[in-house]
Amino acid sequence: MTSTLHVIGAGLAGLACAVSATQAGRKVVVYESAKQAGGRCRSFFDAQLNTTIDNGSHAILGANPAVFKYLASIGAEAELVPVEHTGEIPFVDLENNARWTLRPNAGLFPKWIFDRARRAPSTIAIDYVKGLSLITAGKRHTVASTLSQSGTAWRTFWEPLTTAVMNTPANSASALLLGKALRQTLTTRHGGLRSYVPKTSLQQTFIDPALKFLEAAGVRIHFDSPVSISTDNARVIELHIRSGKVGVSNGESVVLAVTPWAPVTKPFLGEAFKPEPSGIVNVHYRVDTADNAPMMIGIIGGTTHWLFCRHGLVSATVSADQELVRLAHDVIAEKLWPDVRVALDLSGRATPPYRVIVERRATPLQDPSFAINRPGPKTKAANLFLAGDWVDTGLPCTLESAVRSGVKAAGL
Ligand SMILES: Cc1cc2nc3c(=O)[nH]c(=O)nc-3n(C[C@H](O)[C@H](O)[C@H](O)COP(=O)(O)OP(=O)(O)OC[C@H]3O[C@@H](n4cnc5c(N)ncnc54)[C@H](O)[C@@H]3O)c2cc1C
């Protein structure tokens with residue numbers, strides 16, 4: 001087991017792969033094109049706000065067992081905390097100022113749907129039970145073509161859930177993929193729909209402990225090292241990095257854990273797989289009362305979908321976005337601030353200092369075509385395997401899928 005595994009990309013998929021292979025006793029080398037690890041799950045110091053911020057607020061569901069296992073393996077379990085201590089989420093409807101709290105229970109059976117104090121107002125248990133049709137939906141169906149769009153539960157539960165989990169509008173999101181995620185929520189003992197967030201930052205929860213683990217195991221990580229690949233058609237024979245060539249000898253393997261749009265992946269993807277990007281916009285506002293507000297708030301009827309309130313910042317998130325991503329940052333910040341003001345009762349407050357982060361390629365648009373055509377981990381080169389949230393794990397493109405794909409590639 002001493003032959004080297006070369007892992008290209010130090011996002012969550014690459015790090016999970018490197019950790020898993022290291023634990024299995026394999027010699028691992030990691031190459032990352034950026035100067036830091038984390039990819040789409042990264043933090044950085046922002047001079048304008050004078051604090052460390054995440055590129056985008058991330059929520060992790062109780063139904064993400066691979067993420068919890070990854071954190072346990074790098075000693076970072078305590079770095080992920082449930083929102084409001086039990087994973088419950090307050091919601092506000094900006095159209096009628098209705099406020100309620102979604103309170104999913106722990107345990108396998110979702111008894112919360114039978115308790116009106118735990119679900120959205122004017123909804124009944126059957127509105128949630130109907131979601132089971134997603135689990136048996138055909139490959140070509142969308143969420144909107146599978147579930148009834150009339151009634152309150154569509155607007156207050158199914159549509160926001162779809163946008164959050166799939167980063168894709170419900171009228172194009174694959175019912176099959178959301179159904180797979182939903183099935184996961186029904187098999188998780190500690191409450192599949194309960195939400196968790198990093199205690200301090202993405203970096204401190206998901207990235208730094210992994211780097212520390214790998215460093216302690218003697219794994220070399222080359223930062224600022226974009227890789228290109230040479231094959232002889234049957235297998236990868238060489239990697240090219242800035243400092244020169246790295247030979248890939250017989251018995252050595254390569255895991256390509258980059259995005260589907262990275263040029264290095266192109267030769268290894270089928271013609272039918274042409275993923276469209278789907279954006280996420282985050283505005284981090286400096287708000288002195290942020291820490292008094294709930295950690296995570298769902299917003300209905302506004303431009304903003306979610307607020308994350310912590311460490312003196314209120315972070316407004318808009319998922320599945322194709323429009324804001326084209327606007328100037330000051331326009332985006334002014335557009336989202338009224339939602340924040342109403343949701344947090346900050347009437348009269350002018351827009352505070354902010355930082356806008358636009359991720360145009362936050363995930364692929366996860367429509368039926370994506371669900372059908374996404375590739376598995378094996379490629380035409382016998383010693384090259386793919387990893388990344390977009391590789392076919394059967395689940396939507398989230399941290400859970402990224403980690404699973406990395407562990408799977410390491411196993412192969
Ligand atoms: C704003 C935002 C919010 C999100 N919110 C959530 C959420 O709430 N919950 C959730 O579960 N998920 C969320 N996600 C999705 C989650 O971040 C991704 O699923 C996950 O980070 C993907 O990890 P990855 O390793 O597959 O890809 P990436 O993180 O993209 O990693 C790929 C890495 O490969 C590197 N690379 C590229 N080309 C090369 C090359 N040629 N050589 C070497 N290195 C290369 C890149 O620099 C990068 O570091 C969100 C994403 C964004 C952007």
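The axes of helix α2 (residues 65-73) and helix α11 (residues 399-411) come within 8 Å of each other and cross at roughly 65 degrees, where axes are lines fitted to C-alpha atoms, for helices over the stretch in contact, and angles run from 0 to 180 degrees between N-to-C directions. This is a predicted model, in which local features need pLDDT of at least 70 and side-chain atom pairs count only at pLDDT 80 or more, while totals for chains, interfaces and linings use all residues. Residues are numbered from 1 along each chain as its sequence is written. Helices (H or I, at least four residues) and strands (E, at least two) are DSSP runs, numbered from the N terminus.

**Contact of α2 with α11**

- The crossing of α2 past α11 is left-handed, a term used if the near helix is turned anticlockwise from the far one by less than a right angle.
- On the α2 side A66, V67 and Y70 take part, and they meet L399, E400, V403, R404 and V407 of α11; two residues are in contact if their C-beta atoms, placed from the backbone, lie within 7 Å.
- By class, this contact of α2 with α11 holds six nonpolar, no polar and two charged residues, with Ala, Val, Leu, Ile, Met, Phe, Trp, Tyr, Cys and Pro counted as nonpolar, Asp, Glu, Lys and Arg as charged, and the others, Gly among them, as polar.

**Five-stranded parallel sheet**

- Five strands form an open sheet in the order β10-β2-β1-β14-β20, with parallel pairing, and two strands pair if DSSP finds at least two bridges between them.
- At the edges stand β10 (220-222) and β20 (384-386), each of which pairs on one side only, and neighbouring strands of the sheet are turned by 20 degrees against each other on average, direction ignored.
- Within this sheet, strands β1 (residues 4-8) and β2 (residues 27-31) run parallel and are joined by five bridges, with K27 in β2 as the bridge partner of T4.
- Helix α1 lies across β1, β2 and β14 (253-256), and runs at about 165 degrees to β2.

**Three-stranded antiparallel sheet**

- A further open sheet has three strands in the order β11-β12-β13, and the pairing is antiparallel.
- Because β11 (228-231) and β13 (244-247) are the edge strands, each with a single partner strand, one side of each is left without a neighbour in the sheet.
- Strand β12 (residues 236-241) pairs with β13 in the antiparallel sense over four bridges, and the bridge partner of E238 is G247 in β13.

**Ligand surroundings**

- The ligand is surrounded by 38 residues, of which the closest are G9, G11, G39, G56 and T398; a residue is near a molecule if its C-beta atom, placed from the backbone, lies within 6 Å of it.
- Two or more residues of this shell come from each of α1 (12-23), β15 (277-286), β19 (354-364) and α11.
- The shell divides into 20 nonpolar, 13 polar and five charged residues.

**Domains**

- The domain assignment gives domain 1 (4-35 + 223-274 + 367-411) and domain 2 (108-187), with bounds that come from an automatic or database domain assignment.
- The centres of domain 1 and domain 2, taken over C-alpha atoms, are separated by 32 Å.
- Eight residues of domain 1 are in contact with 15 residues of domain 2, and the domain 1 side has six nonpolar, one polar and one charged residues.
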